[in-house]
Amino acid sequence: MDNRKLTSIFEILGSVLAMIYALLIANNTGNENLGFALLFISASLFAAWAIIDHRWTFLLLQAFYAASAIVGLIRWA
């Protein structure tokens, strides 16, 4: 699979998961653990995209989001 196709898949999946995460957290329905897990997966997909595309500042942002997800998982567990 070429890099362009792979980054497109990471971009789409990462975006969809981030939107679901945001809705789960905003609705405050008791699904925070699932939401933070989705945030972590989303950040991981975006991080892979950043590495493939050599976007180092974007990678740093995804590291922050992944760390936020880990904190959320620990606090809501």
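## Q62 in helix α3

In this predicted model, Q62 belongs to helix α3, which covers residues 56–76. The relative accessible area of Q62 is 4%, so the residue counts as buried, the limit for that class being under 20%. Once neighbours within four places in sequence are set aside, the contacts of Q62 are A43, F46 and A47.

## S42 in helix α2

Helix α2 spans residues 32–53 and includes S42. With a relative accessibility of 2%, S42 is buried, because that value lies under the 20% limit. When residues up to four places away in sequence are not counted, S42 touches G14, L17 and A18.

One of these contacts can be described by its separation in sequence and in space. S42 and L17 stand 25 residues apart along the chain, while their C-alpha atoms are 5.7 Å apart.

## I20 and the nonpolar patch

Helix α1 runs over residues 3–27 and contains I20. The relative accessibility of I20 is 36%, so this residue is classed as partly exposed, between the 20% and 50% limits. I20 also takes part in a nonpolar surface patch together with I12, V16 and M19. The area of this patch is about 360 Å².

## Loop residues with positive phi

N28 lies in the loop between α1 and α2. Its phi is near 50°, a positive value, and N28 is not a glycine. The relative accessible area of N28 is 57%, so N28 is exposed, the limit for that class being over 50%.

H54 is located in the loop between α2 and α3. Phi of H54 is also positive, at about 60°, although the residue is not a glycine. H54 has a relative accessibility of 55% and is therefore classed as exposed, since this value is over 50%.

## Architecture of the chain

The protein chain has 3 helices and 0 strands. Read from the N terminus, the order of its elements is α-α-α. The C-alpha trace extends over about 40 × 20 × 15 Å along its principal axes.

Of contacts between residues at least 6 apart in sequence, 58% join residues that are at least 24 apart. The pair S42 and L17, at 25 residues apart in sequence, has a C-alpha to C-alpha distance of 5.7 Å.

## Burial, surface and charge

The chain comprises 77 residues, of which 27% are buried. Q62, at 4% relative accessible area, and S42, at 2%, are both in the buried class.

The chain carries 4 positive and 4 negative charges. The mean position of the positive charges and that of the negative charges are separated by 2 Å.

How values were computed. Residues are numbered from 1 along each chain as its sequence is written. This is a predicted model: local features need pLDDT of at least 70, side-chain atom pairs count only at pLDDT 80 or more; totals for chains, interfaces and linings use all residues. Side-chain values use heavy atoms; hydrogens and water are left out. Helices (H or I, at least four residues) and strands (E, at least two) are DSSP runs, numbered from the N terminus. Buried means under 20% relative accessible area, exposed over 50%, partly exposed in between (1.4 Å probe, protein chains only). Contact means heavy atoms within 4.5 Å. Patches are made of residues with over 30% relative accessible area and no salt bridge: like charges are joined within 9 Å, nonpolar side chains (Val, Leu, Ile, Met, Phe, Trp, Tyr) within 5 Å. Accessible areas come from the Shrake-Rupley method with a 1.4 Å probe; for residues, only the protein chains shown count as cover. A salt bridge is a side-chain nitrogen of Lys or Arg within 4 Å of a carboxyl oxygen of Asp or Glu. Lys and Arg count as positive and Asp and Glu as negative; His and the chain ends are not counted. The place of a charge is taken as NZ of Lys, CZ of Arg, CG of Asp or CD of Glu.
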